[in-house]
Amino acid sequence: MDKNYNHLITENKRQQKWKENKYFSFHNPVKRPFTIIVPPPNITGKLHIGHALDTYIQDTIIRYKKLEGYDVLYLAGKDHAGIATQAKVEKELAKKKLNKYTLGREKFLQEMWKWKDEYSANITSQWDKLGLALDYTSERFTLDEKSNEAVIKAFIDMYNNNLIYRAEKPIYWDPKLQTVLSNIEVINKETPQKMYYIKYPIKDSEDHLLIATTRLETLFSDVAIALNPEDSRFNELKTKKIIHPLTKKELTVVASKLIDPAFGTGIMKVSAHSIDDITIIQENGLEIIECIDKNGKLNKVAGEFEGLERQESRKKIFKHLKDAGFIEKVEDIVSNVGYSERSDEPIEILMQHQWFVKMQKLSQDLLKHLQSANKVSFIPGRFEDVLVKWMENVYDWTISRQLWWGHRIPAWYNEGAIKVQETSPGEGWVQDPDVLDTWFSSALAPFMFLGWPKNTEELERYFPTDVLVTAYDIIFFWVARMYFQSLYFTGEAPFRNVLIHGLVRDEQGRKMSKSLGNGIDPIEIIDTYGSDALRMALIFNSSPGQDINFGLDKIKSSQLFLNKLWNIARLILTKPVKISDEIKFKEVIDNFDIWILNRFLLTKDLVNKNMEKYEFAVVYKYIYEFVVNDFSSWYLEFCKFKNNDIFLHFIFKEILIMMNPFMPFITDYIFENVYKEELYLYKSINFAEYTSPSHKEIDTLIELITELRKYRESRAISKSEILYFDISDEFTISQLSKEIIRKMTNFDMKANTDFAIKLIDATIYVKQDENAKAQEIADIQKAIKHAEDEIAFNKKMLDNPKFIEKASKEFVIEKQKNLKEYQEKLGFYQKLLEEKQAK
């Protein structure tokens with residue numbers, strides 16, 4: 001092994017080896033299955049740092065479960081991402097002065113598949129860089145033939161059961177991408193706007209109504225004036241006619257509880273480009289008159305303003321109204337505007353015929369399932385409440401999209417007649433040109449990717465999947481839809497658990513974005529620092545549901561640990577020994593071996609318990625303390641004084657296996673190069689029979705060495721100066737222990753009762769000269785103050801009911817132990833102070 005750790009060496013061709021050896025694609029039907037489906041990334045470009053966190057968590061869980069003896073399936077899949085991918089390809093075609101219409105549907109789709117092949121390969125390459133333990137032999141794509149068969153069947157079944165319908169309704173329209181959107185694809189952004197206060201004359205009166213609006217371009221679609229029925233002005237106005245300032249039409253006054261009396265003047269114009277307004281129009285049997293078209297431009301209803309863009313038309317309509325004396329005032333405000341999530345274009349509300357999923361029954365079934373014993377468990381639990389709240393207020397899902405890239409809707413039209421079926425009903429029937437929302441196919445992924453609608457062995461064995469790992473920002477987009485679709489088509493939840501992680505933010509806690517220029521390319525980080533370093537920096541700073549503020553400091557911290565592990569391996573490599581499973585451990589292991597074994601088994605137990613809760617940050621705390629303190633600082637030092645190093649190699653193998661899920665490249669490399677064996681084929685030894693319930697001798701030795709070092713350091717005494725100590729009769733020091741103490745502290749034993757230091761199970765005395773004795777009372781007082789501070793700190797925690805409720809059992813026990821130890825030390829030093837002062 002090279003002197004210095006180099007990720008380019010440890011990670012070179014390791015992923016290729018794992019693939020060739022089929023460690024994660026060979027499945028043993030005898031073992032208990034464990035399944036994770038990777039959230040299919042869009043084939044639109046590079047994976048971002050959020051993808052890295054997401055997949056690292058999944059991969060870590062998969063590797064952990066494999067080493068625990070499970071038959072793991074980490075299923076690879078990619079998403080065709082209808083809107084996003086088609087927009088990318090159309091942009092590329094535009095550079096060549098081409099568009100989908102000049103190419104035609106068939107040739108355009110050929111261009112789409114070329115894009116898919118290229119960017120799918122890019123994603124696979126990035127997965128390999130990350131080192132993901134995916135079963136690549138079972139990889140799926142949401143637009144492959146099997147997926148298309150499943151999606152078409154799902155659509156037809158839901159249509160036949162009255163869960164899918166076609167209707168003319170107000171929808172969210174993206175004028176840039178020229179497609180309908182579902183409500184959760186619309187992002188509300190606070191946007192600076194102008195609020196125009198317009199005078200609407202009252203017929204046969206000198207008076208007028210003052211109406212506020214931000215959207216002057218919608219005035220041409222006004223058909224009524226509305227007030228809240230609780231508004232005292234309504235009774236006076238309900239019989240009046242209002243003259244429109246632009247069209248001069250007479251408008252009626254209607255009442256609606258949808259009107260917010262606190263907005264503007266509390267009197268609203270009713271137009272065709274607002275969902276609430278359309279509801280009011282329909283409730284009152286009024287005509288819907290649209291004045292904005294699919295391109296976001298004013299149509300012929302707008303008269304002289306026809307053809308103007310929405311923003312441009314506002315300026316000209318404002319001038320027209322102002323010149324005519326209809327503008328009372330204009331205010332600068334900030335209010336929410338709906339933007340397309342994909343194109344960042346302000347959406348428009350239009351009346352259109354589209355396809356919808358009825359959500360009432362599906363949402364009720366999901367909510368009912370959440371009350372059952374078989375419900376999906378959310379980690380953290382608060383995200384179940386988020387899902388419930390959304391499902392209780394869900395809208396019908398708009399599933400048709402005006403695209404060519406996607407699953408084409410299996411609906412056929414002939415002179416007003418509609419038939420829904422897989423193939424054409426015959427001559428004269430024309431298929432719907434639209435495709436289905438990408439999320440419609442993604443929602444089927446957990447069972448579709450395993451072979452549904454066929455009853456495959458994979459579906460029988462690996463469904464439901466065990467855990468879904470995802471960020472909280474797609475609970476509505478994906479998690480909810482997978483849940484209700486799986487319940488509907490299979491009668492089961494798609495996964496047993498949902499682990500929600502946070503977003504990766506920059507060092508200042510800001511969301512990463514192109515505008516801020518603070519995005520991080522995970523592949524660039526891997527090229528520079530390695531995948532293990534990035535994985536550790538992300539997952540070991542991850543707690544369920546919490547965002548991560550990410551910076552290079554976390555990478556550097558990971559590198560320090562990896563360097564430490566590398567140096568440990570190089571040291572162990574200098575201690576060659578012939579390792580055989582036939583070794584009779586009871587004949588070769590000593591107290592030092594038993595001590596480190598106990599510490600290892602305790603650490604492994606704590607790692608296991610926290611892995612079940614996905615508390616990766618806590619896992620790292622225990623791994624770090626064991627490797628850096630117990631194993632490196634103590635056991636490897638003790639090995640310098642031992643008769644044999646046989647057990648060192650066995651325990652190091654187990655340590656590498658325990659750490660492998662969290663840093664797979666370096667641990668696999670070390671295992672292979674030190675022991676010439678394959679880590680994923682190694683069978684761990686059951687060490688339970690070699691443990692001992694007590695190892696106080698080694699614990700006391702470590703505490704004694706630590707206190708002697710503290711004594712020397714606190715007094716700035718040179719390490720070359722020999723000092724002397726003695727120990728109380730409760731503890732007997734062996735010759736080997738004396739030698740270890742001498743080498744590690746430069747203290748020899750000499751009878752004395754000078755400066756007393758309380759250990760847990762004994763008392764040590766440090767021989768002092770006259771000058772040091774003069775400082776003894778001050779030193780004892782410092783020890784008393786330290787004990788009092790520690791008692792107060794631990795007591796405050798243990799007296800806090802919230803701490804007791806939230807902290808792990810192990811952590812509470814640790815605090816209770818600390819409290820007891822410092823209470824004993826306080827009593828000891830208080831008594832000692834009294835004795836010294838009495839003299």
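**Close-up 1. Strand β27 (residues 755-758) is covered on both faces in this predicted model.** F755 and I757 on one side of β27, and A756 and K758 on the other, are all buried, where buried denotes under 20% relative accessible area, exposed over 50%, and partly exposed in between (1.4 Å probe, protein chains only). In a regular strand the side chains alternate between the two faces of the sheet. β27 pairs with β28 in the antiparallel sense over four bridges; pairing requires at least two DSSP bridges between two strands. The two strands form a hairpin with four residues between them, and F755 stands opposite V766 in β28. Strands (E, at least two residues) and helices (H or I, at least four) are DSSP runs numbered from the N terminus. Residue numbers start from 1 along each chain as its sequence is written, and side-chain values use heavy atoms, with hydrogens and water left out. Because the model is predicted, local features need pLDDT of at least 70 and side-chain atom pairs count only at pLDDT 80 or more, whereas totals for chains, interfaces and linings use all residues.

**Close-up 2. Q768 occupies the loop between β28 (763-766) and α27 (770-774).** Q768 is buried, at a relative accessible area of 7%. Its side chain makes a polar contact with the side chain of Y711 at 3.0 Å. A polar contact is a pair of N or O atoms within 3.5 Å; within protein, one must be able to donate a hydrogen and the other to accept it, and residues adjacent in sequence count only if both atoms are side-chain atoms.

**Close-up 3. Helices α21 (residues 591-612) and α23 (residues 646-659) cross at roughly 10°.** Their axes come within 11 Å; axes are lines fitted to C-alpha atoms, for helices over the stretch in contact, and angles run from 0 to 180 degrees between N-to-C directions. The two helices are therefore roughly parallel to each other (angles under 35 degrees; over 145 is roughly antiparallel, 65 to 115 roughly perpendicular and the rest oblique). Contact, defined as heavy atoms within 4.5 Å, involves D593, I596, L597, F600, T603, K604 and V607 of α21 and F647, I651, E654, I655 and M658 of α23. These residues divide into eight nonpolar, one polar and three charged; Ala, Val, Leu, Ile, Met, Phe, Trp, Tyr, Cys and Pro count as nonpolar, Asp, Glu, Lys and Arg as charged, and the others, Gly among them, as polar.

**Close-up 4. An open sheet of three strands has the order β7-β6-β12, with antiparallel pairing.** β7 (208-213) and β12 (327-340) stand at the edges with a single partner strand each, so one side of each is left without a neighbour in the sheet. Neighbouring strands are turned by 20° against each other on average, direction ignored. Helix α10 (residues 310-323) packs on the sheet, touching β6 and β12, and its direction makes about 160° with that of β12. β6 (residues 186-201) and β7 are joined over six bridges, and the bridge partner of Y196 in β7 is T213.

**Close-up 5. The peptide bonds from I379 to P380 and from W452 to P453 are cis.** Omega is near -5° for the bond from I379 to P380 and near 15° for the bond from W452 to P453. P380 lies in the loop between β14 (377-379) and α12 (382-392); P453 is found in the loop between α14 (445-448) and α15 (457-462).
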